[in-house]
Amino acid sequence: MGFQSEEPAKPVHVICTGVEPGRQDPYLPGSHYFPKLKDDPMSKDSAPLALIIEDEPAQMALMSYNLKQGGFKLAEAVTGEEGLLLAEELLPDIIVLDWMLPEVSGIEICRQLKKHSHTKEIPIIMLTARGEEADRIRGLDTGADDYMTKPYSINELIARTRSILRRTRPSSVGETMSYAGLVLDSEQHRVTRNDEPLKLGPTEFRLLSALIEKPTRVWSRDLLLDRVWGRDFDVDTRTVDVHIGRLRKVLHQKGQPDPIRTVRGFGYSLDVEG
């Protein structure tokens, strides 16, 4: 990802969920306030991480404030190069990407993200002042999952973000998922198999959440490490095998067949037909 800037890069800020007490955002019109619902399933620990790549301070402030109010954790980058580095390091759940970035365009950043194995599946919403049909087609063909033209409704942006996450990372927005008699309720943190409750540790719960989101998909050990433990933890791929073994032990209760398929030398899949 070798794009070089002639000027020193601006600082990158990773922002926690929530708004500082007493903070008044000067860029936020009252009509755009997007309150976090009282029954929102996304706590600070389980909230999805959104990466915003945007060089305009007013636009960044508006999106950051409202996405945090909508229950998201936030990371921010003001150049494409910073965005590429943060995407690779943090593996966010979704990226909001401005087309008209300095030095390297959002289109090229999108192309780079979709080219690399660790970031190619991260959904991207492209923001741009280009409203022509040819531009929209170009953005989507490059790999963007959605495309919004400026000026846009901030409420619609958040609604589209949630809609995409319900398809790509349903556990991050409190969805209930099921497969072959297994039901995982990510909001209530409960798992059942054929209506019988199962007791899982937090790591095994996160493992099952990843597997059940995309049944039959084969996950490499490295991808499961990134997804379940994150890239900040220095753990060996054998750790995945240990916790898969613990998960299997729980799923095997009462003689139930093993729904986890081992792909020798690669990883695992939730696949009762395999």
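Accessible areas come from the Shrake-Rupley method with a 1.4 Å probe. On that basis, the protein chain of this predicted model exposes about 14100 Å², of which carbon and sulfur atoms supply 49%.

**Overall architecture**

The protein chain contains eight helices and 13 strands. It has 274 residues, and 47% of them count as buried. Among contacts between residues at least 6 apart in sequence, 63% join residues at least 24 apart.

Arg 221 lies in helix H7, which covers residues 221–229. Its relative accessible area is 17%, and buried means under 20%; Arg 221 is therefore buried. The side chain of Arg 221 makes a polar contact with the side chain of Asp 241, at 2.8 Å. Leaving aside residues up to four places away in sequence, Arg 221 touches Thr 237, Val 240, Asp 241, Val 263, Gly 265, Phe 266, Gly 267 and Tyr 268.

Asp 241 also takes part in the contact between two helices, for Arg 221, Leu 224, Leu 225 and Trp 229 in H7 meet Thr 239, Val 240, Asp 241 and His 243 in H8. By class, this contact of H7 with H8 comprises four nonpolar, two polar and two charged residues. Helix H8 spans residues 238–251, and H7 packs against it at an angle of about 75 degrees, the axes being 9 Å apart. Because of that angle, H7 is roughly perpendicular to H8.

**Backbone features in loops**

Pro 151 is joined to Lys 150 by a cis peptide bond, with omega about -5 degrees. Pro 151 is placed in the loop between strand S6 (146–149) and helix H5 (154–168).

Ala 180 is not a glycine, yet its phi is positive, at about 50 degrees. The loop that holds Ala 180 runs between strand S7 (176–179) and strand S8 (182–185). Thr 216, likewise a residue other than glycine, has a positive phi near 75 degrees. Thr 216 is found in the loop between helix H6 (202–213) and strand S11 (219–220).

| Residue | Relative accessible area | Class |
|---|---|---|
| Arg 221 | 17% | buried |
| Ala 180 | 43% | partly exposed |
| Thr 216 | 43% | partly exposed |

Ala 180, with a relative accessible area of 43%, is thus partly exposed, and Thr 216 counts as partly exposed at 43% relative accessibility.

Note on methods:
Residues numbered from 1 in each chain as written. Predicted model: local features only at pLDDT ≥ 70, side-chain atom pairs only at ≥ 80, totals over all residues. Heavy atoms only, no water. Helix = DSSP H or I, 4+ residues; strand = E, 2+ residues; numbered from the N terminus. Buried < 20%, exposed > 50% of the residue type's maximum accessible area, 1.4 Å probe, protein only. Polar contact = N/O pair within 3.5 Å; in protein donor to acceptor, adjacent residues only side chain to side chain. Contact = heavy atoms within 4.5 Å. Axes fitted to C-alpha atoms, helices over the stretch in contact; angles between N-to-C directions. Parallel < 35°, antiparallel > 145°, perpendicular 65-115°, else oblique. Nonpolar A, V, L, I, M, F, W, Y, C, P; charged D, E, K, R; others polar.
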